[in-house]
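Here are a few notes to go with the model. Have it open while you read.

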Amino acid sequence: MTSDSPRGSPKMATLPRSLSSIVVSVAGLAMFLIFASLLLVSYPISSTVRGYFYSLDRKVVVAISPVNQSTVENLLSKNVDGIHHSSSSGSDLEVPMSSKNDKTAILTDNSPSDGIQVSFSSNGSESSLKGKSARSTGKKETGANSASISATSNGSVESRCDLYHGNWFYDPLGPLYTNNSCPIVTQMQNCQGNGRPDKEYENWRWKPSQCDLPRFDANKFLELMRGKTLAFVGDSVARNQMESLMCLLWQVEVPVNRGIKRMQRWYFKSTSVMIVRIWSSWLVHQTSEKLDFAQEGVAKLHLDVPDETFMEFTPDFDVIVISSGHWFAKQSVYVLNNEIVGGQLWWPDSSRPMKVNNIEAFGISVETSLTALATHPNFTGLTIVRSFSPDHYEGGGWNTGGSCTGKVKPLVAGELVENGFTDMMHKKQVTGFERASKKIANKSKLRLMDITEIFSYRHDGHPGPFRSLDPNKITQRGPDGRPPPQDCLHWCMPGPVDTWNELVLEIIRREFEGKQSASS
């Protein structure tokens with residue numbers, strides 16, 4: 001009779017294997033809990049889940065190159081909350097973490113070493129901007145190449161977007177006012193009232209390449225300018241722009257006329273905003289008395305002395321929109337340091353050398369007037385320099401048979417014919433602006449609103465022969481092919497000139513909006 005061996009019993013062998021399995025399981029669970037605890041401390045689950053659900057369709061990816069610190073700082077200089085991210089070079093870069101639009105920044109350290117990439121995704125659509133590092137290429141990055149981002153969801157334009165490169169597009173919504181809804185349109189610019197048969201020129205709007213320029217918002221303008229005064233200083237084209245602004249604002253509030261002999265003034269009671277216009281043909285001091293060999297009656301322009309007609313009131317202005325240029329085609333004598341140095345359509349003694357022509361005189365006048373504003377001890381406002389407005393007289397000048405008759409659409413790329421005079425005037429104006437900018441000695445600011453090139457495409461926006469209500473006016477070329485008298489300098493209202501005030505509003509928003517938020 002034999003008995004079973006305990007070693008061969010399966011029941012006896014099960015107990016040790018179960019104990020060992022339990023020990024291994026407990027050890028594994030302990031390690032998992034320790035690892036999970038560390039993970040939750042480093043990455044709280046609530047913020048991770050919140051970021052996933054609330055930022056799923058509003059993602060910003062910023063890949064930062066260690067060699068383009070200044071470019072990134074410019075690109076991301078927005079009025080938002082920030083976090084500090086240390087680059088590999090040891091410098092702190094402030095990167096937007098969130099804004100009022102609840103955008104969330106995702107920072108990645110494995111970015112390419114030769115550039116930056118910013119992509120916005122909103123509601124499934126995505127746009128991107130890529131640029132080479134300024135240091136890696138050896139080229140300086142400015143404007144749209146280094147700082148252009150799409151408009152935010154509240155309709156404002158990203159502060160670093162280049163407003164002056166883009167294209168004209170047809171907007172079926174049309175203008176915000178008509179010649180019948182604005183009572184102060186100068187008759188010569190009332191193209192529809194004067195019988196112009198086409199209207200498409202009213203519908204073309206400017207679109208910067210890498211952002212949107214919102215339609216003019218009169219209520220927003222008045223709120224930004226609350227308690228402030230904006231002054232237009234310049235010639236009849238400046239008046240053209242002022243009347244455009246007034247027409248845009250008139251649609252939400254009828255202002256009170258508080259004009260005086262020396263200036264136009266319109267007051268908006270709801271926000272205590274004053275809009276002013278001061279006539280200044282050349283922006284510099286002008287006399288008519290006899291001077292040396294220049295007879296009495298001819299305008300003498302003292303190019304080194306600013307025009308006192310607007311400088312006298314400068315401390316009262318918060319924003320000045322200043323422009324000039326076209327009067328330098330008129331007869332005048334140029335004076336520097338009380339010495340006659342040149343003239344336009346006037347130089348009686350051919351034996352005397354003329355040192356300054358009209359284009360050079362314009363550049364000097366710009367520097368003089370802007371420097372006076374930039375160094376005025378009691379001026380702390382914003383000066384917007386509207387660049388030279390191009391005319392479109394084809395086949396001659398304004399008084400020699402030039403014409404813009406029959407232009408009904410903007411020019412497209414490749415159709416633009418260079419205008420040498422406009423190009424030179426623009427160049428001199430920009431040079432004067434840059435020189436004055438280097439001399440700022442007060443708390444004021446100078447900004448260039450550079451419309452010259454983009455408005456060179458708008459040959460369709462002028463009154464042409466539709467300058468008056470005269471039912472017998474000639475609007476077509478005669479049998480000999482000569483065009484009728486016409487205006488190819490000023491702008492129809494409504495029309496392209498309204499874009500200037502969309503740009504003015506955007507410049508003001510960039511300067512004032514952040515300050516108002518900070519002070520409130």
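1. Where does D292 lie? Look in the loop between β13 (284–287) and β14 (300–306); helices (H or I, at least four residues) and strands (E, at least two) are DSSP runs, numbered from the N terminus. D292 is not a glycine, yet its phi is positive, about 55°. Most residues other than glycine have a negative phi, and most peptide bonds are trans.

2. Before going on: this is a predicted model, with local features needing pLDDT of at least 70 and side-chain atom pairs pLDDT 80 or more, while totals for chains, interfaces and linings use all residues. Residues are numbered from 1 along each chain as its sequence is written, and side-chain values use heavy atoms, leaving out hydrogens and water.

3. Now find P494, in the loop between α10 (452–455) and α11 (497–519). The peptide bond joining M493 and P494 is cis, with omega about -5°.

4. Next, a helix pair. α8 (residues 358–375) packs on α9 (residues 420–437) at about 30°, axes 8 Å apart (lines fitted to C-alpha atoms over the stretch in contact, angles from 0 to 180 degrees between N-to-C directions). The two are therefore roughly parallel, the word used for angles under 35 degrees. Residues in the contact (heavy atoms within 4.5 Å) include F362, V366 and L370 of α8 and F421, M424 and F433 of α9.

5. Last, the second largest pocket, with a volume of about 690 Å³, the space filled by probe spheres set on grid points joined across faces, edges and corners. A pocket is an open set of points on a 1 Å grid over the protein atoms alone, where a 1.4 Å probe fits, with protein on both sides within 12 Å along at least five of seven lines; lining residues have an atom within 4 Å of a point. Here 25 residues line the pocket, and H326, A329, Y393, W398 and L489 lie nearest its centre.

Notes: Angles under 35 degrees count as roughly parallel, over 145 as roughly antiparallel, 65 to 115 as roughly perpendicular and the rest as oblique.
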